[in-house]
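I opened a new notebook page for this structure. My notes follow in the order I looked things up.

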Amino acid sequence: MALEALPTMKTLFVNPPRFRGLPVIREDRCETVNRYLVNPPYALLQIATALRAQGDDVAIQDANVENLSYREVRAKVGAFRPDIVVFRFTPATIEADMQTARIAKEVCPGALTVGLCWTLRSFAANVLDD
């Protein structure tokens, strides 16, 4: 029995903008605001690579590295029209980072919005209430 191919999905990965003008490292247990270091979003890149390898339409917006605003993130979401938006956030920057989820829901209300944060995994329900 042959398996049917799954439909391709449009997924936008977002590393949110800087926090109060400062770069943020949003990688697993290295989540911190860091004045002197800008790291690529490795986890987002790895997931995006796997999805692209299976044929999905993938885009990455690294607003942190590119020093983009939330207005520019909104424009990217609107232009790409994703089925899924995946973004990173940290406990220290959660209020600002959650703006990414709000933008995704406003611009593409039918899109699945996924926030990744290692530290907050133990009380995800609280985050979902935001």
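First, a term I need throughout: buried means under 20% relative accessible area, exposed means over 50%, and partly exposed lies in between (1.4 Å probe, protein chains only). I then noted that this is a predicted model, where local features need pLDDT of at least 70, side-chain atom pairs count only at pLDDT 80 or more, and totals for chains, interfaces and linings use all residues. Residues are numbered from 1 along each chain as its sequence is written, and side-chain values use heavy atoms, with hydrogens and water left out.

**Entry: P109**

P109 counts as exposed because its relative accessible area is 60%. I found P109 in the loop between α4 and β6. I also checked D83, which is 26 residues from P109 along the chain. The C-alpha atoms of the two are separated by 9.6 Å.

**Entry: the whole chain**

I listed the helices and strands next. Helices (H or I, at least four residues) and strands (E, at least two) are DSSP runs, numbered from the N terminus. The chain has 5 helices and 6 strands. Along the sequence I read β-β-β-α-β-α-α-β-α-β-α.

I then looked at burial. Of the 130 residues, 40% count as buried. The chain exposes about 7600 Å², and carbon and sulfur atoms supply 56% of that area. Accessible areas come from the Shrake-Rupley method with a 1.4 Å probe; for residues, only the protein chains shown count as cover.

Contacts came next. Contact means heavy atoms within 4.5 Å. Among contacts with a separation of 6 or more, 75% join residues 24 or more positions apart.

**Entry: strand β5**

Is β5 enclosed or open? I found that 5 of the 5 residues of β5 (residues 84–88) are buried, so the strand is largely enclosed by the rest of the structure. I84, V86 and R88 point one way, while V85 and F87 point the other way. In a regular strand the side chains alternate between the two faces of the sheet.

Which strands pair with β5? Two strands pair if DSSP finds at least two bridges between them. Strand β1 (residues 10–15) runs parallel to β5, joined by 4 bridges. There, L12 has V85 as its bridge partner. Strand β6 (residues 112–116) also pairs with β5 in the parallel sense, over 5 bridges.

**Entry: T100**

I moved on to helix α4 (residues 94–107), which holds T100. T100 is buried, because its relative accessible area is 2%. Leaving out residues up to four places away in sequence, T100 touches V14, P16, Y70 and F87.

**Entry: L68**

L68 sits in the loop between α2 (63–66) and α3 (70–80). At a relative accessible area of 16%, L68 is buried. Its contacts, beyond neighbours within four places in sequence, are P17, Q61 and A63. I also noted P16, 52 residues away along the chain, with 8.5 Å between the C-alpha atoms of P16 and L68.

**Entry: salt bridges**

How many salt bridges are there? The count is 2, where a salt bridge is a side-chain nitrogen of Lys or Arg within 4 Å of a carboxyl oxygen of Asp or Glu.

One joins D97 to R26, with the closest N and O atoms 2.9 Å apart. D97 lies in helix α4 and R26 in the loop between β2 (24–25) and β3 (32–33), so the pair ties together parts that are 71 residues apart in sequence. Both D97 and R26 are buried.

R74 forms a salt bridge with E106, and the closest N and O atoms are 2.8 Å apart. This pair links distant parts of the chain, with R74 in helix α3 and E106 in helix α4, 32 residues apart. R74 counts as partly exposed because its relative accessibility is 31%.

**Entry: cysteines**

I searched the whole structure for disulfides and found 0. A disulfide is a pair of cysteine sulfur atoms within 2.5 Å. C108 is buried, with a relative accessible area of 5%. C117 is buried as well, at 12%.
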